[in-house]
Amino acid sequence: MYTYKLAAADGTKQWHALHKGDRSQSTETLIQQQFGGIEEDNAGNVIVSGPVGSGGAQVMGLMKYDAGGNELWYYETSAKDDHHVAVDKQITTPSVPLGLAVDEAGNAYITGVDVTSAIVTAPEGVTVTMRVNGDGRWAWRNYYCGSQNRTRPYDIGLDEDGAVY
């Protein structure tokens with residue numbers, strides 16, 4: 001996934017970063033990926049979400065860059081520390097992040113469609129919303145599957161009290 005920082009005054013490129021997850025994806029595949037979101041935290045760091053490759057499957061990825069474009073951490077939904085279990089390598093539909101929000105403490109909230117989870121019973125996946133702490137560690141995850149397994153989030157937001165919508 002490519003991320004660019006451009007100067008507001010004239011559009012001059014300040015920095016760019018390329019994150020390829022497991023590094024097995026071609027540049028053409030990376031260009032075709034659906035972007036999930038980009039937010040800046042209170043410290044000036046940039047948090048980016050999008051689908052990334054993971055052992056042949058496409059999962060939700062979250063990257064955090066400092067103000068100079070240096071990657072601080074990388075998180076993907078198949079990380080072992082969050083007890084997420086990737087199954088069925090024959091799934092061809094990628095898990096796709098569709099919304100990103102960052103709270104005052106720098107925690108990232110991401111929502112999207114997950115098709116790699118062990119709880120998925122429908123090929124179109126389920127809605128997943130999760131929080132990743134400001135240091136890149138997983139905090140929590142919530143799944144929702146509506147009637148006829150047809151749910152798709154379009155955005156995510158936070159209120160003044162920290163509730164997630």
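The model is a prediction in which local features need pLDDT of at least 70 and side-chain atom pairs count only at pLDDT 80 or more, while totals for chains, interfaces and linings use all residues. Residues are numbered from 1 along each chain as its sequence is written, and side-chain values use heavy atoms, without hydrogens and water.

Ile110 belongs to the largest nonpolar core, whose 12 residues also include Met60, Leu62, Trp73, Val128 and Met130. Such a core is a set of buried Ala, Val, Leu, Ile, Met, Phe, Trp, Tyr and Cys residues joined through side-chain atoms within 4.5 Å, where buried means under 20% relative accessible area (1.4 Å probe, protein chains only). At least two residues of this core come from each of β5 (57–65), β6 (71–76), β7 (96–102), β8 (108–114) and β9 (126–132); strands are DSSP runs of E, at least two residues long, numbered from the N terminus. With three residues, β9 gives the most. A second, separate core has nine residues, among them Ala17, Val48, Val59 and Met63.

An open, antiparallel sheet is formed by four strands in the order β7-β8-β9-β10, pairing being assigned if DSSP finds at least two bridges between two strands. Its edge strands, β7 and β10 (138–144), each pair on one side only. Seven bridges join β8 and β9 in the antiparallel sense, and Thr111 has Thr129 of β9 as its bridge partner.

Terms used
Buried means under 20% relative accessible area, exposed over 50%, partly exposed in between (1.4 Å probe, protein chains only).
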